[in-house]
Amino acid sequence: MWKLGINYLNFSILAKPKVDLGVFSPYLLLGPRIDFEVGKTTNFGDLSSYDNFNKNKFGVKFGLGTDVKFANLKLLAEFVYDLDITNLYKNENVEITSNSF
């Protein structure tokens, strides 16, 4: 099995409007992000063919979640979607994109 890992450091600025309902505090998340490549690994040879991949990715994060107050604990449940605005790689034959939940 081929394995390729491209690792990024993510920075986001997120708006988080929240409604306090006592035990639950639901909220929305929305904002821009930038990812900086910090490393690549593979188990199948030379990585030089991946040098043309974008080193920085720009995108938008959005999602929803809730804080739950339980005794002296504050728990968090969140669903976040990362939408890339830029491609990882693109030429006349291939387009590689990345999005995540």
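Predicted model: local features only at pLDDT ≥ 70, side-chain atom pairs only at ≥ 80, totals over all residues.

Modeller: Residues are numbered from 1 along each chain as its sequence is written, and side-chain values use heavy atoms, with hydrogens and water left out.

Biologist: How many helices and strands does the chain come to?

Modeller: Helices (H or I, at least four residues) and strands (E, at least two) are DSSP runs, numbered from the N terminus. From that end on, the elements run β-β-β-β-β-β-β. The count is zero helices and seven strands.

Biologist: What is the strand order in the open sheet?

Modeller: Two strands count as paired if DSSP finds at least two bridges between them. On that basis, the edge strands are β1 (4-12) and β7 (99-100), each pairing on one side only. The open sheet has five strands with antiparallel pairing, in the order β1-β2-β3-β4-β7.

Biologist: How many bridges join β2 to β3?

Modeller: β2 covers residues 24-42 and β3 covers residues 56-70, and the two run antiparallel. Ile34 stands opposite Phe58 in β3. The number of bridges joining β2 to β3 is 13.

Biologist: Which residue in the turn between β3 and β4 has a positive phi?

Modeller: β3 and β4 pair in the antiparallel sense over twelve bridges. They form a hairpin with two residues between them. The turn residue with a positive phi, about 55°, is Ala71.

Biologist: Is Asp82 buried or exposed?

Modeller: Leaving out residues up to four places away in sequence, Asp82 touches Arg33, Val60, Lys61, Asn99 and Ser100, where contact means heavy atoms within 4.5 Å. The classes are buried under 20% relative accessible area, exposed over 50% and partly exposed in between (1.4 Å probe, protein chains only). Because its relative accessibility is 15%, Asp82 counts as buried.

Biologist: And what is the relative accessible area of Phe79?

Modeller: Phe79 is found in strand β4, residues 73-84. It touches Phe62, Gly63, Leu64 and Phe101, not counting residues up to four places away in sequence. Phe79 is partly exposed, with a relative accessible area of 45%.

Biologist: How far apart in space are Phe79 and Lys90?

Modeller: In sequence, Phe79 and Lys90 are eleven residues apart. From C-alpha to C-alpha, the spacing is 29 Å.

Biologist: What radius of gyration does the chain have?

Modeller: The radius is taken over C-alpha atoms, and the globule rule is 2.2 Å times the number of residues to the power 0.38. The C-alpha atoms fill a box of roughly 55 × 25 × 20 Å along the principal axes. A compact globule of 101 residues would be near 13 Å, but the chain has 18 Å.

Biologist: What share of the residues is buried?

Modeller: For context, residues 24 or more positions apart account for 56% of the contacts with a separation of 6 or more. Of the 101 residues in the chain, the buried share is 24%.
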